[in-house]
Amino acid sequence: MSNKPQILAFSGSLQKKSKNRMLLDTAIKGAKNAGASVIVIDLQEFPLPIYNEDYEKENGLPENVKALKKLMKDSDGLLIASPEYNSSISGALKNMIDWVSRRESSDEPMLDSFNGKVAAIMSASPGGLGGIRGLIHLRSILSCINVLVLPQQYALSSAHTAFDESGSMIDEKQALVVAELGKSLADILTKIYHDNEK
């Protein structure tokens, strides 16, 4: 492991100008300022078939799944911005989690890509609740696959008016809170994984 906490950051939205990706960028700045190394990925660049056990038995794991599993395994923590679709998480995010939870071989430990990871979660929505209902589901899913989810989270309401043309948050106080979420993840990863290496 590097001396810096390694964080994998991604949005559950596939939209090119996703407000969740803009929100994620603010949290990433907070994590980097706290000393973390952050790898940012776009799920659009890792297209996957809908998970189907018959497909898996016939074809094995898709190459994009193997790549995602490696990125997860090489990271200490996860920074996730999750859009809310019908009071839950996006199909793209759930499908990715379902695929990455599968084993590549019989000797691979169960949930190997998720075990021991720490996550910070957030959401952006044009609605008044900011996507909080989706975060409840995401927290439950991650907790059930052995990911420690920070109690802090952020749900940005009225997201369609929250960013300027460059993608930066307009409200500086909100931006500081979101950046603090990224910092909190970096700080706890440093305490958990890296303090003992000094």
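The accessible surface of the protein chain comes to about 10,100 Å², and 50% of that belongs to carbon and sulfur atoms. Keep in mind that this is a predicted model. Here's a quick tour, from the overall fold down to what's packed inside.

**Overall build**
- You'll find 6 helices and 5 strands in the protein chain.
- Starting at the N terminus, the elements run β-α-β-α-α-β-α-β-α-β-α.
- The radius of gyration is 16 Å, close to the 16 Å that the globule rule gives for 198 residues, so the chain is as compact as a globular protein of that length.
- Along its principal axes, the C-alpha trace spans about 50 × 45 × 25 Å.
- Take the contacts between residues at least 6 apart in sequence: 78% of them join residues at least 24 apart.

**What's inside**
- Of the 198 residues, 45% count as buried.
- In soluble globular proteins, nonpolar side chains tend to be buried together.
- The largest nonpolar core here has 29 residues, and Ile-7, Leu-23, Leu-79, Met-122, Leu-156 and Leu-185 have the most contacts inside it.
- Two or more residues of this core come from each of β1 (6-11), α1 (19-33), β3 (77-81), β4 (118-124), β5 (148-156) and α6 (172-194).
- Apart from that one lies another core, of 25 residues, including Phe-10, Ile-97, Val-100 and Ile-141.

**A look at Leu-23**
- Leaving out residues up to four places away in sequence, Leu-23 touches Met-122, Ser-123, Ala-124, Tyr-154, Leu-156, Phe-163, Met-169 and Val-178.

Technical notes:
Residues numbered from 1 in each chain as written. Predicted model: local features only at pLDDT ≥ 70, side-chain atom pairs only at ≥ 80, totals over all residues. Heavy atoms only, no water. Core = buried A, V, L, I, M, F, W, Y, C linked by side-chain atoms within 4.5 Å. Buried < 20%, exposed > 50% of the residue type's maximum accessible area, 1.4 Å probe, protein only. Helix = DSSP H or I, 4+ residues; strand = E, 2+ residues; numbered from the N terminus. Contact = heavy atoms within 4.5 Å. Rg over C-alpha atoms; globule rule 2.2 N^0.38 Å. Areas by Shrake-Rupley, 256 points an atom, 1.4 Å probe, with all protein chains shown as cover.
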